[in-house]
Amino acid sequence: MEIILADVRGFCGGVKRAVKMAFDNAAKGVYSYGDLVHNEFVVKELEKKGVLTIDDTNIENSKVIIRSHGVHKKILDKLEEKNNEIINCVCPKVEKVYNIVDNFYKKGYNIVIIGNNKHPEVIGINSRCNDSATIISNLEDIKIPEGKTLIVSQTTNNVDFFEKAINIIKDISKDEVLVYNTICNATFKRQESIRNLSKKVDAVIVLGGKKSSNTKKLAEIAKLNCKNVFLIQSINDIDLNIFKKFNKIGITAGASTPESVIKEAVCRMENFDKGEMMEAIDNSFKRI
Ligand code: F3S
């Protein structure tokens with residue numbers, strides 16, 4: 001069995017920064033609004049340091065960490081009104097999308113966001129134009145309002161999906177359409193890497209949190225080239241016997257998956273493979 005790691009995988013710059021800031025500030029009495037990143041191992045480690053995750057704005061006079069993918073502006077305002085100190089771990093690339101949207105909304109553009117309408121990042125971006133954006137989550141029935149339009153993307157979107165949506169909008173729009181491709185480079189590189197790797201292997205393991213958008217996109221891309229794709233949080237979530245029939249196995253990980261989870265997966269796969277080989281040698285001795 002050959003195990004091949006995607007050359008670009010795991011923590012992106014934004015997540016690394018957020019995790020470092022959160023751990024630097026971690027202490028009892030510090031709160032995180034929502035999961036810092038969509039990975040339960042990271043969230044549990046923070047909890048061990050005393051950081052409690054909250055999902056309301058009742059907290060007062062405390063330190064509150066704002067997650068890497070951001071929050072609705074009203075949440076931020078309420079937390080500040082209640083005299084909380086904000087530890088802003090929002091990725092600068094997400095902040096950049098806020099600024100673009102805010103700027104063009106004030107200039108009278110309709111805002112279109114291509115992304116998942118339930119994802120906190122998209123909800124946060126939409127709040128920068130007074131929740132007025134048209135959000136495009138699938139390619140069927142795309143409708144946009146009349147007038148000049150600015151389009152941005154969820155930073156972790158699938159590049160192909162974004163491009164298809166843009167082409168449809170340009171076809172149906174009679175007015176000016178301005179496009180900012182705000183898919184972050186880290187997302188793009190991870191997608192390219194798994195696109196290439198998935199063509200060369202018999203099975204792909206994608207490691208990442210259940211709620212992680214970018215992890216799901218990696219699995220979707222891998223499935224285009226490989227029939228056997230397994231999206232799991234940790235290698236302990238799967239029966240390794242499934243992999244006996246495969247020769248080459250690719251491993252990648254979402255942008256919020258810690259390196260320790262990747263190392264553990266590689267280590268367990270390699271040990272499993274060695275165990276299999278030992279068993280095969282034992283059996284051949286028995287036959288002699
Ligand atoms: Fe930021 Fe891109 Fe990571 S937007 S959080 S660097 S996936």
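## A helix across the sheet

Let's start with helix α4, which spans residues 92–106 and lies across β6, β8 and β9. Its direction makes an angle of about 170° with β8. Keep in mind that this is a predicted model.

In what order do the four strands of the open sheet come? The order is β7-β6-β8-β9, and the pairing is parallel. Strands β7 (134–136) and β9 (177–179) are the edges, each pairing on one side only. On average, neighbouring strands are turned by 25° against each other, with direction ignored.

As a piece of background, strands of a sheet pair through backbone hydrogen bonds, and they can do so in a parallel or an antiparallel way.

Now look at one pair of strands. Strand β6 (residues 110–114) runs parallel to strand β8 (residues 149–153), and five bridges join them. Within this pair, Val112 stands opposite Ile151 in β8.

## Around the ligand

Where does the ligand sit? You will find the ligand in the largest cavity.

Which residues are around the ligand? They are Cys12, Gly14, Val15, Cys91, Lys93, Thr155, Cys184 and Thr187.

Conventions:
Residues numbered from 1 in each chain as written. Predicted model: local features only at pLDDT ≥ 70, side-chain atom pairs only at ≥ 80, totals over all residues. Heavy atoms only, no water. Pairing = 2+ DSSP bridges. Helix = DSSP H or I, 4+ residues; strand = E, 2+ residues; numbered from the N terminus. Axes fitted to C-alpha atoms, helices over the stretch in contact; angles between N-to-C directions. Contact = heavy atoms within 4.5 Å. Near = heavy atom within 4 Å. 1 Å grid on protein atoms, 1.4 Å probe; cavity = no way out; pocket = protein on both sides within 12 Å on 5 of 7 lines; lining within 4 Å. Sits in = over half its atoms within 2 Å of the grid points.
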